[in-house]
Amino acid sequence: MATIVPAQPLIEVKGLNHFYGPPPGGHLVLENVDLTLYQNEVVGLLGRSGSGKSTLLRSIAGLIQPRQGTVTRIASPDCPDPSVAMVFQTFALFPWLTVLQNVELGLEAQKVPAPERRTRALAAIDLIGLDGFENAYPKELSGGMRQRVGLARALVVNPALLLMDEPFSALDVLTAETLRTDLLDLWSEGRMPIQSILIVTHNIEEAVQMCDRILVFSSNPGRVVAEIKVDIPRPRDRLDPPFRALVDDIYARMTARPSDAAPLREGVFPGTGIAMVLPHVSTNTLAGLIEEVDGTPFNGQASMAELADSLNFEIDDLFPMAETLQLLRFAELRGAQLLLTPAARRYAQADVDHRKAMFGEALLAHVPLAGHIRRILDERASHKAPARRFRDELEDHMSPDFASETLKTVTNWGRYAEVFTYHEDDDQFSLEDPQ
Amino acid sequence: MTSTRLPSFSRMLRLSRPNREDAIAFAILSGLAVLVFRTAEGVVAPLSSLDLEPVTLDPAHLPYYALRTVLRMFAALFASTVFTLVVATLAARSRHAGRLIVPALDILQSVPILGFLTFTVTFFMNLFPGSVLGVELASVFAIFTSQAWNMAFSFYQSLRSVPDDLEEVCYGFGLSPLRRFLRLDLPYATPALVWNAMMSMSGGWFFVVASEAITVGNTTATLPGIGSYLALAIQQQDFRAVGWAVGAMAVVILAYDQLFFRPIVAWADRFRFEQTAGADAPRSWFHGLLRRTRLLPVVLAPLGALGRLLLTLEPRPRRSGAARVRQPGHWAERAWQLGVWLGVAVALGWTGHYLLSWLTMADLTQALGDALITMLRVIVLIALASLVWVPLGVMIGLRPRLAERVQPVAQFLAAFPANVLFPFAVIAIVRFDLAPDVWLSPLMILGTQWYILFNVIAGASAIPNDLREAAGMFGVKGWQWWRQVALPGVFPYYVTGALTASGGSWNASIVAEVVTWGDHHLRAHGLGAYIADATTAGNYRQVALGIAVMSLFVLGFNRLVWRPLYAFGERRLRLS
């Protein structure tokens with residue numbers, strides 16, 4: 001392809017830091033991100049929820065002003081005014097406008113004369129395969145067709161850079177695949193009036209299939225932890241060994257702890273001790289995952305990519321589960337492999353009461369917050385403690401949202417293991433069960 | 001440009017080949033237009049014409065009176081809509097303005113409008129001395145105050161809940177604020193605004209009846225309208241004329257509902273923010289008729305033209321992709337805050353000075369004591385109405401076919417101005433020599449109890465079928481069924497209804513605690529009577545004190561009782 005020509009930069013991001021919450025302070029979501037986008041490439045931003053990849057995309061789109069750092073659009077002879085347009089995960093179509101009116105929206109804002117507007121909109125609609133639907137309202141269309149409208153609306157303003165925010169994640173598997181292939185065909189045939197594509201995704205296979213370059217983000221705060229060049233020739237086949245190898249490699253990078261020297265006992269979640277942020281993972285799915293890996297064909301060891309495939313999980317579902325198992329010492333992540341510990345294999349065979357007992361033991365031993373709550377309840381004569389107190393303690397270390405989610409998670413785990421219980425009416429933790 | 005206009009123009013041309021529906025719609029519309037023009041002539045007449053053509057009890061004049069009343073209603077609705085679009089948009093777009101406007105709207109919603117009449121009538125009559133216009137404006141303003149606040153509040157809330165992604169599209173493409181308003185904000189907020197306008201309009205009937213014939217001190221202003229017709233009927237003890245007024249009211253309410261609001265609700269359905277096609281869209285025969293006659297584009301054309309006209313004033317397109325967040329200047333922020341505090345200080349000082357200069361302990365204790373009496377009435381009445389309407393509403397709501405029929409009736413009854421019915425109660429009380437302190441009370445809730453009924457019906461219809469089936473399968477019945485199935489299911493809806501009913505009852509106390517029939521004057525003790533008496537006596541200070549005390553009580557009631565209940569219902573009992 002055009003790799004011999006020295007790459008012409010299009011957008012340059014330098015030293016980007018962004019926080020949620022009022023300045024000064026707030027919760028750090030993006031930490032020191034540098035990124036240069038060149039012409040003629042498809043770049044993927046891959047990461048879990050909370051990794052700030054959408055925030056980065058919106059900073060580039062000019063929708064968010066980052067707290068620190070710069071986003072520069074670089075003009076060049078063949079692209080004097082590098083503009084951007086965005087495709088949304090939720091499609092973001094105006095329900096009261098027809099397909100044609102939705103597509104014309106950007107042109108209308110630019111005060112393009114009506115006849116030209118109409119011609120260009122019809123051309124974009126034609127390109128994207130929406131002919132015949134010009135007068136339909138979005139609610140009459142299927143999800144796939146709606147996203148095509150979103151795509152046509154973005155392309156019609158001739159952006160230099162097309163920004164896509166998880167464009168296929170709200171679609172079913174088959175529709176997403178069709179749309180992806182259509183988009184890639186248009187891209188490789190050079191029929192779209194764009195220089196580059198920047199796509200945010202949390203689907204590793206999608207990233208490998210579409211991108212020339214993948215930036216892997218870590219979560220909390222978001223940081224670029226790896227940059228991977230994808231040299232597999234197009235069209236790419238998912239079952240191709242190099243494709244599979246790359247997918248496995250990315251899984252391994254995403255499960256890697258920040259530094260490999262970090263001892264296992266500190267866990268994988270941000271924060272330490274009782275200030276550890278716990279993800280919302282239900283005990284049922286944990287049990288299900290243990291059973292799945294324990295049974296055939298995995299027999300106690302499974303690659304994350306295969307698990308994701310066989311359970312039809314996105315990485316946002318699978319990673320928190322695997323990491324919770326790791327936190328509880330029920331599993332170990334080695335590269336992209338999930339290995340059950342002997343305890344977990346015993347758990348898989350145990351009956352309900354034994355499972356609860358094993359889970360409780362692991363919970364009190366390895367989740368500091370659970371141990372903390374239990375200790376306080378044990379110490380008090382009434383065996384009761386207001387939840388407010390723990391919430392305040394957590395909020396010293398994390399945002400109220402994270403505090404609330406963490407407390408909810410530990411409540412669920414504690415209830416399942418019967419190590420403590422919680423009453424919503426008086427907002428109290430206690431030891432006793434209802435009579 | 002022509003290509004966008006052509007379709008609607010060709011539709012107009014096709015009207016030259018009329019069909020039957022065209023004729024019907026045309027007749028209705030032109031009839032309405034003629035009536036409106038004819039009525040408008042009366043509005044600008046000199047004040048002396050009111051004395052030359054006094055209101056008479058001849059039923060033949062009633063249609064004309066009804067039309068004058070309706071015209072007032074629509075004038076107020078128009079003013080409320082303009083107010084809403086301007087003020088609510090300002091509140092949503094400007095952080096500073098929002099901080100002042102939103103609480104102000106919230107408080108104004110709780111202020112008893114009837115108490116206002118004293119001030120507004122005097123004000124507007126002085127504004128246009130010697131012209132009917134002043135009195136007309138005072139009446140229109142009374143209705144306006146009953147509509148504007150909650151319409152603006154609803155619009156503000158819609159603007160605040162505009163979906164983020166659509167907002168981002170607008171910023172991304174660099175839509176100008178005006179274009180963004182026309183393309184996104186206005187359509188998004190339209191369904192809620194239309195619904196709210198409809199409910200506010202219902203509330204407005206109450207005030208138009210009360211505001212057409214008003215006596216402040218020694219000034220009496222009587223405008224031609226159903227309200228003044230009724231007042232005259234009461235004064236002359238003409239029982240038949242009261243019946244005519246009630247009938248005319250019913251016809252008018254039905255007509256504007258069918259010819260105006262139903263079509264608009266059906267039309268506004270297209271702006272409902274949902275990505276899937278709705279199961280049952282609201283229907284309206286008149287809207288269907290307009291659509292079949294292809295008259296709709298003609299009716300809507302002025303709106304479109306207005307939008308296009310506004311857009312020609314639009315500033316030059318902004319470069320797309322510019323950052324949307326602008327940090328306010330530090331000093332501007334400081335100056336603003338200083339200004340606000342200064343304003344607060346001046347207002348406090350001024351009010352305090354004014355109050356201290358004449359307020360006596362006796363006045364204050366009387367107003368507060370009367371307020372307590374009225375509060376007792378409101379609490380007892382809401383409790384009684386709940387005891388009656390909650391079980392009935394649940395039973396109706398669980399029978400979909402019945403609910404379908406009862407719901408419009410309940411909404412109609414809520415719209416019906418209950419003060420039209422007061423004379424019947426007075427006759428009964430006088431006839432049987434009952435104690436006014438007890439028997440005038442039900443009048444307060446006569447018009448507002450229906451809010452409880454139709455909200456409970458809506459709540460009961462919304463109880464999921466599987467819950468009812470589960471309850472039935474396990475043999476849950478009797479008190480347990482009410483306690484665990486029905487009451488929790490309708491609770492959030494009930495609170496909404498009871499909140500509206502309670503606020504309305506406070507307001508109604510001003511006309512319900514003092515009523516007359518010819519020369520029979522009945523008076524109950526309470527804050528409403530206090531305000532009404534002060535109004536008749538032209539004692540502005542007592543009126544102001546009464547309004548202030550009532551506002552405080554209504555606000556306190558809302559904050560301390562209804563809001564916590566509502567929050568509890570939302571948190572624990574929302575079925576979704």
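This is a predicted model: local features need pLDDT of at least 70, side-chain atom pairs count only at pLDDT 80 or more; totals for chains, interfaces and linings use all residues.
Strands here are DSSP E runs of at least two residues and helices are H or I runs of at least four, numbered from the N terminus; two strands pair if DSSP finds at least two bridges between them. Local features need pLDDT of at least 70 and side-chain atom pairs count only at pLDDT 80 or more, while totals for chains, interfaces and linings use all residues. Residues are numbered from 1 along each chain as its sequence is written, with chains lettered from A and ligands numbered from 1 in the order in which they are written.

- E14(A) and E15(A) (residues 428-430) pair over three bridges, and A:His423 has A:Gln428 as its bridge partner.

**Helix H9**
- In H9(A) (residues 304-311), A:Met304, A:Ala305, A:Leu307 and A:Ala308 are buried (20 or more other C-beta atoms within 10 Å; exposed is 12 or fewer, partly exposed in between; C-beta atoms are placed from the backbone).

- A:Phe91, not a glycine, has a positive phi of about 75°, and with 25 C-beta neighbours inside 10 Å it counts as buried.
- A:Lys111 also has a positive phi, near 60°, but is partly exposed, with 13 other C-beta atoms within 10 Å.
- The peptide bond from A:Arg234 to A:Pro235 is cis, omega near -10°.
- Another cis bond joins A:Thr296 and A:Pro297, with omega about 0°.
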